[in-house]
Every structure is written in C-alpha cells, then in structure tokens.
Amino acid sequence: MYKLLLHICCAPDATVAIERLRERFDVLGFFYNPNIEPNKEYALRESEVQRLSGLQKFNHVEEKPRHDEWFDICSQFASEPERGERCRRCISHRLKITALRTAELGITHFATTLTTSPHKDVDFIHETGSTLARENGLIYLPETFRARDGFRRSLELCKEYNLYRQNYCGCRWSRKTEDTFAHETPEIITTPA
Ligand code: SF4
C-alpha cells in the first residue's frame, strides 16, 4: 500500500477524506495552516485535528505555522473576494509546503482535504497540486472529497464526533465578524528556528 501525505486544513474536512483514503493508502496527516487567525482559533482547530486522529485512528504531524511568511504572500490581495488571488496564493503556499514535506519524508503521494469544502475552487487546487507534483517528482491525488455526497458525509461525521465546525475559512479577511476582529491586535506566530 502506498503512503500518502494528506494536507489537513481542519478536522471537519478531514473526516470524509480519511474515511475514503484509508482503504487505498497508508495515510499520514499533515497540519500546516498559517492562514488561521487569531491564535486561539488556530489552537482550537489544531486540537480538534488531534482529537480526530484519536477517533479515526490515523497518525499526523504538524508544522508550526509561519504566519509572517504567509501574511507577506497574501496580504497585498486582502481586498480580493474568496476564491480570488489572495486565496490562490494561500492555497498554493500550503500545497507547496505539503509537496516539499512529502518529498523530504520519502513519501510518493499527497492530497489535500481542502476539496471537501463546497467553497473551494477544486480545479485550481488540482492544477496546483499536479504542477507541484511534476516539479518535485511526486504523485498528486486529484480527489474531490465533497463529490459523491462527501460534504454531507463530513457533516454526519462531525455530528457523530461532536467536532467544532468553524464559520469562516481562516484568515482575518474571511471572518464574518470582521468588525470586532478589526479591533483585536493580530497575534503573529513567529517562524520556528
Ligand atoms: S479565505 Fe481562506 S483560502 Fe482565502 S486567503 Fe483566507 S484563509 Fe486563505
């Protein structure tokens, strides 16, 4: 069975992906999401992925979020709507780090749970994943987890596991309560040594 590094954006989106992939792959989860703000939200989503790994019994690794690097990549496109250039850069960055770690770990395949969400541009995600795979001598699995009733299944599993489901994608610009968030001082998680 091939090993696959699965980029996990959040626990709810991982539920159905793990369920579907584990029959075909030896899955290692990979949590790298420097886009999640503020820190307390990051900690909550991270802890839910840890809890899910116990419930669904899969291993995972976490890479410390380099929020400052991510901010430099995305902030000049802050005013773009979701699915615009800001999101393309954010997603490309997370997939690029996933591909690099896949190669470093000697794993052949990678995929992302971002395709569980009905809000994401899966064509862009698959194109980016395939390009990164070619550049790094890897295989990208272009699986759309929301298809075949996958999103509904993720909701069922969230309910079963009593998982926290966020109501915004992750960055400050996607947060629905932007007016209150604007008065908070952003907490920046610094790049690890
Ligand atoms: S809306 Fe989501 S994908 Fe887009 S920049 Fe913000 S966190 Fe990234």
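## Overall fold

In the chain, residues 24 or more positions apart account for 71% of the contacts with a separation of 6 or more, two residues being in contact if their C-beta atoms, placed from the backbone, lie within 7 Å. This is a predicted model, in which local features need pLDDT of at least 70 and side-chain atom pairs count only at pLDDT 80 or more, whereas totals for chains, interfaces and linings use all residues. Residues are numbered from 1 along each chain as its sequence is written.

There are seven helices and five strands in the chain, and from the N terminus on these elements follow the order β-α-β-α-β-α-α-β-α-β-α-α; helices (H or I, at least four residues) and strands (E, at least two) are DSSP runs, numbered from the N terminus. The C-alpha trace spans about 50 × 40 × 35 Å along its principal axes. A compact globule of 193 residues would have a radius of gyration near 16 Å, and the 16 Å of the chain agrees with this; the radius is taken over C-alpha atoms, and the globule rule is 2.2 Å times the number of residues to the power 0.38. Of the 193 residues, 36% are buried, a residue being buried if 20 or more other C-beta atoms lie within 10 Å of its own, exposed if 12 or fewer, and partly exposed in between, with C-beta atoms placed from the backbone.

Helix 1 is largely enclosed by the rest of the structure, because nine of its 11 residues are buried. These buried residues are Ala11, Pro12, Asp13, Ala14, Thr15, Val16, Ala17, Ile18 and Leu21, and what covers them includes strand 1 (3-7), strand 2, helix 2 and helix 6.

With helix 6 (residues 150-161), helix 1 (residues 11-21) packs at an angle of about 110°, the two axes lying 8 Å apart; axes are lines fitted to C-alpha atoms, for helices over the stretch in contact, and angles run from 0 to 180 degrees between N-to-C directions. Helix 1 and helix 6 are therefore roughly perpendicular to each other, a label that covers angles of 65 to 115 degrees, while those under 35 count as roughly parallel, those over 145 as roughly antiparallel and the rest as oblique. Helix 1 contributes Pro12, Asp13, Thr15 and Val16 to the contact, and helix 6 contributes Gly150, Arg153, Ser154, Leu157 and Cys158. By class, this contact of helix 1 with helix 6 has four nonpolar, three polar and two charged residues, where Ala, Val, Leu, Ile, Met, Phe, Trp, Tyr, Cys and Pro count as nonpolar, Asp, Glu, Lys and Arg as charged, and the others, Gly among them, as polar.

## Helix 4 and its contacts

Helix 3 (residues 67-74) and helix 4 have axes that come within 9 Å and cross at roughly 145°, and this crossing too is right-handed. Trp70, Ile73 and Cys74 of helix 3 meet Arg86, Arg89, Cys90 and His93 of helix 4, so that the contact of helix 3 with helix 4 comprises, by class, four nonpolar, one polar and two charged residues.Ile91 also belongs to helix 4 (residues 85-104), and with 22 C-beta neighbours inside 10 Å it counts as buried. Leaving aside residues up to four places away in sequence, Ile91 touches Leu114, Ile125 and Thr128. Ile91 and Phe124 are 33 residues apart in sequence and 9.1 Å apart in space, C-alpha to C-alpha.

Ile139 is placed in strand 5 (residues 139-140) and counts as partly exposed, with 17 C-beta neighbours inside 10 Å. Not counting residues up to four places away in sequence, Ile139 touches Thr108, His109 and Ala133, while Ile139 and Arg94, 45 residues apart in sequence, are 16 Å apart in space, C-alpha to C-alpha.

In the loop between strand 5 and helix 6 lies Arg148, and Asp149 has its place in that loop as well. Arg148 is exposed, with 11 other C-beta atoms within 10 Å, and Asp149 is exposed with 10.

## Backbone exceptions

Most residues other than glycine have a negative phi, and most peptide bonds are trans. Arg148, although not a glycine, has a positive phi of about 50°, and Asp149, also not a glycine, has a positive phi of about 65°. The peptide bond from Glu37 to Pro38 is cis, with omega near -10°, and Pro38 is located in the loop between strand 2 (26-31) and helix 2 (39-55).

Key. Left-handed = near helix turned anticlockwise from the far one by under 90°.
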